[in-house]
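Please consult the sequence and the structure alongside the text.

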Amino acid sequence: MTDLKSAYDVVVIGGGHNGLACAASLAKAGKKVIVLEALHSPGGACATTEFFEQFSVSSCAQWLYQLDESVISQMSLKQNGFELSARNIPTTILSETGNHLTIFGDRLAGAGISEKDKMAFKSFNKQMMKFCDVLSKAFKRRPPSLIERSFGDVLALLGLGMKIKMLGKSDMRDLMRLGLINIYDVMEENFDNDLLKAAISVDSVLGSHMGPRSPNTVFGYLYRHMGDIFGYGRPGVSLVRGGMGQLGQSMAKAVKALGVDIELNAVVDRISIDVDKVTGVILRDGRELKAGIVVSSSDPKTTFEKFVGPVNLETDTVRRVKNVRMKGDAAKLHIALDGLPKFRGLAESRTGDRLLIAPNMEYIERAFNPSKYGQFSKSPIMDISIPSIHDSGLAPDGKHVLSAIVQYAPYDLEGGWEAGKQPFQDLLIDCLSQYYPDIKQQTLSVELLTPLDIEQRHLMHGGHWHHGEISLDQVLMMRPFPGVSQYRTPIDGLYLSGAGTHPGGGVMGLAGLNTAKEILSQKKKLKRPNFYDST
């Protein structure tokens, strides 16, 4: 336990990547900051754990593809131990026949892909990047208010409108149309190859409670690929040497160098409030820290329902918090392997790719259907990494680790996860064996993290990776809900900075940077937001 000072300018709740990015920016501006992390290590969902003797894996987030380059430079992360073990990793969509399809940026190979689909994919990718570029500036600042209409917000809206207009009539029309339809229809309009359509669909729904036919899934695809515009290691996905936990460690080292105090195993019991203004936080061990500003990088439900408490909130606020949709539908599978995995028909040189199990869009939609009724998928989709191919330190010599994001696995499983966990784990191994026949013989140990496990291990309400669905009614000026979309809350001095705020989840860091900008932009007397503002 650290001998803490009794008062700080800012207390940051949560030492995830957004909380640390926010703390670094505030410290650079001369604020005295402390970060309180309830877990034993910094990083939040950016965590590396040893799940079997000498076998380690990124236990939650596994790919790096959206981290803003400014976070790397502003925090001098390379000088603090951050390094990639692989970058621009291709995506290979596995076929049961062994005739797999590989995506290299905007280039396709394998699966008998036609020249027509190759050209169509280049055109599709070019248009999607145009749309992502339109959104990129909006991601790097607070979302505009449609009610208060400050000069900055007006300029932001005009700038966004101008960027949309500069797309040209055809692309502008497509952007307006595509934002309202589902990825299934878009895929049917553009491509013939089932594996290609499925791969794009996976990127549209991963981490969400949606299937290819669900509305908002085109936006989901754009959101995932924002990293191709501003992300470090772009385009495509990358792996962090030492696992994602090393990113958290590097960020913690960087903020300490800036004078920020970090205390681990520091569980916040509640935020202290005097009338409508924060005065600090009270820890579970009884200690109280005084501060005029409290920044919570926890999810919105945890922040308002647990740390603030309904008694300190307007009835309408309580209702809006309750209505934020954030029940996780993704599990995480980790397997210790007694050798290099061999997938049927896959060249050894491709084993280190991002591997997908999702043979067609109908498969994905059928996988999604049971989760609507609280059941796990009998034929789930998987996003697979073999990180030890690129980073030998994650497993003993000659052995490997397999890590997979699995959908769909509902948080509120019918019958409960205590009874359902082992059957689901067995089903996943059987599913993998269709592509990787020797998996059972090579398996040394298995760890399955359900959404309930993810909630408990990483303190995310509902086990939702994004702290709330990435859908049109919960993004931009609607995230997490009207009235707190600009990081400020109805309580003076309380700010939100986690994945549940704009621009959203994923290892991006922009929510933390944007929150710090908002705090520093306020005058001595903070202007209270209108909570009934429809922003």
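## Buried residues, cores and a helix pair

Met477 is found in the loop between helix 16 (451–458) and strand 19 (494–496); helices (H or I, at least four residues) and strands (E, at least two) are DSSP runs, numbered from the N terminus. This is a predicted model, in which local features need pLDDT of at least 70 and side-chain atom pairs count only at pLDDT 80 or more, while totals for chains, interfaces and linings use all residues. Residues are numbered from 1 along each chain as its sequence is written, and side-chain values use heavy atoms, with hydrogens and water left out.

Met477 has a relative accessible area of 18% and is therefore buried; the term means under 20% relative accessible area, whereas exposed means over 50% and partly exposed lies in between (1.4 Å probe, protein chains only). Between the C-alpha atoms of Met477 and Thr501, which are 24 residues apart along the chain, the separation is 9.5 Å.

Glu447 belongs to strand 18 (residues 443–449) and is buried, because its relative accessible area is 15%. Apart from neighbours within four places in sequence, Glu447 is in contact with Phe51, Lys332, Leu333, His334 and Arg457, where contact means heavy atoms within 4.5 Å.

Glu263 is part of strand 10 (residues 261–263). Its relative accessible area is 4%, so Glu263 is buried. The C-alpha atoms of Glu263 and Pro144 are separated by 34 Å, and these residues are 119 apart along the chain.

Asp391 is located in the loop between strand 16 (381–385) and strand 17 (400–407). Asp391 counts as buried because its relative accessibility is 7%. Leaving out residues up to four places away in sequence, Asp391 touches Ser85, Val240, Arg241, Gly242 and Gly243.

The table lists polar contacts of these side chains. A polar contact is a pair of N or O atoms within 3.5 Å; within protein, one must be able to donate a hydrogen and the other to accept it, and residues adjacent in sequence count only if both atoms are side-chain atoms.

| Side chain | Partner | Distance |
|---|---|---|
| Glu447 | His334 side chain | 2.7 Å |
| Glu447 | Arg457 side chain | 3.0 Å |
| Glu263 | Arg287 side chain | 2.9 Å |

Attention now turns to the nonpolar cores. A nonpolar core is a set of buried Ala, Val, Leu, Ile, Met, Phe, Trp, Tyr and Cys residues joined through side-chain atoms within 4.5 Å. The largest such core has 127 residues, among which Leu247, Leu402 and Phe424 touch the most other members. Helix 3 (residues 115–139) contributes the most to this core, with 10 residues. A second, separate core has 26 residues, including Ile34, Ala266, Val308 and Leu313.

Two packed helices are described by the angle between their axes and the distance between the axes. Helix 7 (residues 194–205) and helix 8 (residues 217–224) pack at an angle of about 85°, and their axes are 7 Å apart. Helix 7 is therefore roughly perpendicular to helix 8. Axes are lines fitted to C-alpha atoms, for helices over the stretch in contact, and angles run from 0 to 180 degrees between N-to-C directions. Angles under 35 degrees count as roughly parallel, over 145 as roughly antiparallel, 65 to 115 as roughly perpendicular and the rest as oblique.

Helix 7 makes the contact through Ile200, Asp203, Ser204 and Val205, and helix 8 through Thr217, Gly220, Tyr221 and Arg224.
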